[in-house]
Amino acid sequence: MLIAKVIGTTVSTIKDETLKGCKLLILRQTEVDGIPFGKPYVAVDTLDAGIGDLVLTAHGSSGRLTAITKNKPVDAVIMAVIDHLAVNGDVPFKKE
Amino acid sequence: MLIAKVIGTTVSTIKDETLKGCKLLILRQTEVDGIPFGKPYVAVDTLDAGIGDLVLTAHGSSGRLTAITKNKPVDAVIMAVIDHLAVNGDVPFKKE
Amino acid sequence: MLIAKVIGTTVSTIKDETLKGCKLLILRQTEVDGIPFGKPYVAVDTLDAGIGDLVLTAHGSSGRLTAITKNKPVDAVIMAVIDHLAVNGDVPFKKE
Amino acid sequence: MLIAKVIGTTVSTIKDETLKGCKLLILRQTEVDGIPFGKPYVAVDTLDAGIGDLVLTAHGSSGRLTAITKNKPVDAVIMAVIDHLAVNGDVPFKKE
Amino acid sequence: MLIAKVIGTTVSTIKDETLKGCKLLILRQTEVDGIPFGKPYVAVDTLDAGIGDLVLTAHGSSGRLTAITKNKPVDAVIMAVIDHLAVNGDVPFKKE
């Protein structure tokens, strides 16, 4: 899984019909302190995550193993919202 | 999923026989403002996307979970055409 | 799928027994003009592609969805030989 | 599989309900001497690995092939704790 | 598949119980001349490959499609030992 920050939303009228009602959020991978880097990607939100939340995303066929994403053409899903991260005795990220 | 721009088409006479009639488009991943970067890749179009459209592509086995791509040797599919993207209160991309 | 150029062949006496008779070609990914870049990789050829051909390769489990690669330990297959590529009104690649 | 060092833990109250009780550790890939590099990622721990351990992680659908991760939306699992690594006659890493 | 050189071995006492008896080798991807580059990774050896051998590795779910790796939490397997590579009329690698 990747640690990522939710940075935005996508709106699409034309999409695969199995995706009606799926919330598709834009994310960027982050370091353990929650600072984003790298390229944007899109994942299905099944946990009502909000903009600015730090989350974990599962990719590939694993992205389809939730009740909401089963058998749909999606390759990434938010499967946890992070409360805090502990690294080497420090807490580099804590949700406000 | 990746945010990508449709930049072209591929024409192949010799191909796996399950691919007859599949529309194979060339894309480049983009930033949230729709500006492309990086290497070209090819995805099956199931939504009648056009050159210049910003789309979402699903990869791997998830690329086969549409009615058109089922059981075919393809690893990427366009599963949504983007109307607009909202990031941090801005709208960095809006379809014209 | 990736756009790639066939650059060579591999010869192996010792291999998984399901691979006897599989033609394993060496490729490099290319830009839309057919100029190769990046690292070599190997894919099964099911279309009698030749050295120098520009092809499309499907990866991961999708690489096993041809009659020849079914249930074999291979993760990439040539599923189309490219005649030409059209990008933004140009034809940056055309097979000779 | 990747060689990686366990560097921390994640705590999440809101998560896919199949993940209750799953221990999610933060790792960084390492060289053969155990020195980490690159970006953090998260894997399920099924072996009671500890902070500082060098481990092997399996990715993608293979990450679901343990008794603990079966059918869950996770894409990486720790499937071995490394005792030592032998490279070209040397032992660049040995667990203390 | 990737062209890779076997550079070492891993020893693990604590591992997923399905992996008892699996030989886990360390590899680095190579160019067509057999010169390694990049980061180390680990694959299951099903062909009795030796240190220094040039091999092909299959990744992802394809890594589980051998008699030895079936249903195990492994994502890479050595499925061929390379005798020689032919590129553009040359033989940049030949096994000694």
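Colleague: What is the mean pLDDT of chain A, and which scores does the predictor give the complex?

Modeller: In this predicted model the mean pLDDT of chain A is 97, with 100% of its residues reaching 70 or more, and for the complex the predictor gives an ipTM of 0.96 and a pTM of 0.97.

Colleague: How is chain B related to chain A?

Modeller: Two copies of a chain are related by a rotation about an axis and a shift along it. Here chain B can be laid on chain A by a turn of 72° and a shift of 0.0 Å along the axis, with an RMSD of 0.0 Å, which is the relation of a five-fold axis. The copies use different surfaces, since 4% of the contact residues of chain B recur in chain A.

Colleague: What area do chain A and chain D bury between them?

Modeller: The size of an interface is often given as the accessible area lost when the parts come together. Chain A and chain D bury about 2,200 Å² between them, 56% of it on carbon and sulfur atoms, and A:Met1, A:Leu65 and A:Met79 supply 27% of the area that chain A buries against chain D, more than any other three residues. In terms of contacts, 27 residues of chain A meet 31 residues of chain D.

Colleague: Which residues form the salt bridge, and how many residue pairs are in polar contact?

Modeller: A:Glu31 forms a salt bridge with D:Arg28, their closest N and O atoms being 2.9 Å apart, while 15 residue pairs are in polar contact across the interface of chain A and chain D. The side of chain A that touches chain D divides into 16 nonpolar, 9 polar and 2 charged residues.

Terms used:
Residues numbered from 1 in each chain as written. Chains lettered and ligands numbered in written order. Predicted model: local features only at pLDDT ≥ 70, side-chain atom pairs only at ≥ 80, totals over all residues. Heavy atoms only, no water. pLDDT = per-residue confidence, 0-100. Least-squares fit on C-alpha atoms with pLDDT ≥ 70 in both. Contact = heavy atoms within 4.5 Å. Buried area = accessible area lost by both parts, 1.4 Å probe. Salt bridge = Lys/Arg side-chain N within 4 Å of Asp/Glu carboxyl O. Polar contact = N/O pair within 3.5 Å; in protein donor to acceptor, adjacent residues only side chain to side chain. Nonpolar A, V, L, I, M, F, W, Y, C, P; charged D, E, K, R; others polar.
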